[in-house]
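Have the sequence and the 3D view open as you read.

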Amino acid sequence: MKKKQTKNRYSKLEKIFTVAGLGLIIIGCIANIYSAVTNVRFMNDPIFLAYYYRFVVLLAGGFAIGYFLTKKSVGSKCFAGVVYAILATAVYLLFDVMRVISQNIWDSPSYPWGKILFFGLPIFAILATVLIAYFSQYKSKRSEVSMLAKILLIAAFVVSQAHLLISSFYYLSTGAAMFDPNMSFWLIIGSYLTIPIVVAWLAYLLLGTIKKRFDRLFFAVLIGAIYSILSLVLWEFRTDASNEATNAFGSIVAPLTLIVAGVLIWKARSAVK
């Protein structure tokens, strides 16, 4: 007697995230390669390649990990690839937070370990992603993204975003130069309302038709993470470091990423009605 296959209630939703994720990976790799080529004069050590091509390593590498270590159909493999690409990037950002905190407590490691730790961080993140996928995905012969991968993605996103939020509050309260003294109060408030963790929280509220809270949290974090990573990779296109160029570029990136996040929330909400 054949075993009945369980219908995936989120198949439409996963297709939306697969398309959005593949777009993010393509844009991220193009932007990172462009940035790396313009900074090729600084790559005088092989380990620098891991840092300057970090989004290629994380996004393309993470996608390959999820795709090839997942069973079943091409659609399921592509969605898993997107999730693992985002997970690899989230793990990298988490590792970077851990590196900063450890250096603030114990100071920077001596040469060459400090250099290896900083520039080799994308490699450590992709190796961690391989281990996660191998033991929770491939060894278990899963045709869907493993629970461990989902939990770690949520945890990495929340911790890194919480650190960003706390750090910005600290610099703002101490009057550090991170904020322009001429910046208006409402502009500062607006910047806080558009951070990735707020976008993820808003997505969680708007995806209320997903009754299982963990599933809703997972998809909300995916939206927040895509929004965050898209902002990071788009900044790779900036080549002029002057204040005027930075402000002009930021005025384009900020609304563009918000529009993408808004469309993604709208499409996701429509898919689960």
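In this predicted model, the side chains of arginine 99 and aspartate 96 meet in a salt bridge, 2.8 Å from N to O. A salt bridge here is a side-chain nitrogen of Lys or Arg within 4 Å of a carboxyl oxygen of Asp or Glu. Both residues sit in helix H4, 3 residues apart, so about one helical turn separates them. Helices are DSSP runs (H or I, at least four residues), numbered from the N terminus, while strands are E runs of at least two. Arginine 99 is buried at 12% relative accessible area, whereas aspartate 96 is partly exposed at 23%. As for those words, buried means under 20% relative accessible area, exposed over 50%, and partly exposed in between, with a 1.4 Å probe and protein chains only.

A bit of housekeeping on how to read all this. The model is predicted, so to speak of a local feature takes pLDDT of at least 70 and side-chain atom pairs count only at pLDDT 80 or more, while totals for chains, interfaces and linings use all residues. Residues are numbered from 1 along each chain as its sequence is written, and side-chain values use heavy atoms, leaving out hydrogens and water.

Back to the charges: the whole structure has 4 salt bridges.

| Pair | Closest N and O atoms |
|---|---|
| Lysine 115 and aspartate 45 | 2.5 Å |
| Arginine 54 and glutamate 236 | 3.2 Å |

Lysine 115 pairs with aspartate 45. Since lysine 115 is in helix H5 (residues 113-119) and aspartate 45 is in the loop between H1 and helix H2 (48-52), the pair ties together parts that are 70 residues apart in sequence. Aspartate 45 is partly exposed, at 22% relative accessibility.

Arginine 54 forms its salt bridge with glutamate 236. This one links distant parts of the chain, 182 residues apart: arginine 54 is in helix H3 (residues 54-68), and glutamate 236 is in the loop between helix H10 (213-234) and helix H11 (243-271). Both arginine 54 and glutamate 236 are buried.

Now for the greasy parts. The largest nonpolar core has 71 residues, and Phe17, Leu153, Phe219 and Ile223 touch the most other members. Such a core is a set of buried Ala, Val, Leu, Ile, Met, Phe, Trp, Tyr and Cys residues joined through side-chain atoms within 4.5 Å. Helix H4 (residues 74-106) gives the most to this core, with 14 residues. Leaving aside residues up to four places away in sequence, phenylalanine 17 touches several residues, including Phe79, Val82, Phe219 and Leu264; contact means heavy atoms within 4.5 Å.

On the surface, Ile26, Ile27, Ile30, Tyr34 and Phe237 make a nonpolar patch with about 440 Å² of accessible area together. Isoleucine 26 belongs to helix H1 (residues 11-38). Patch members have over 30% relative accessible area and no salt bridge; like charges are joined within 9 Å and nonpolar side chains (Val, Leu, Ile, Met, Phe, Trp, Tyr) within 5 Å. The areas come from the Shrake-Rupley method with a 1.4 Å probe, and for residues only the protein chains shown count as cover.

Lysine 141 has a positive phi of about 55 degrees, although it is not a glycine. Lysine 141 is in the loop between helix H6 (121-138) and helix H7 (147-174), and is exposed at 65% relative accessibility.

Finally, how many disulfides are there? The count is 0, where a disulfide is a pair of cysteine sulfur atoms within 2.5 Å. The sulfur of cysteine 29 is 15 Å from its closest cysteine sulfur, in cysteine 78, which is too far for a bond. Cysteine 29 is buried at 14% relative accessibility, and cysteine 78 is buried at 15%.
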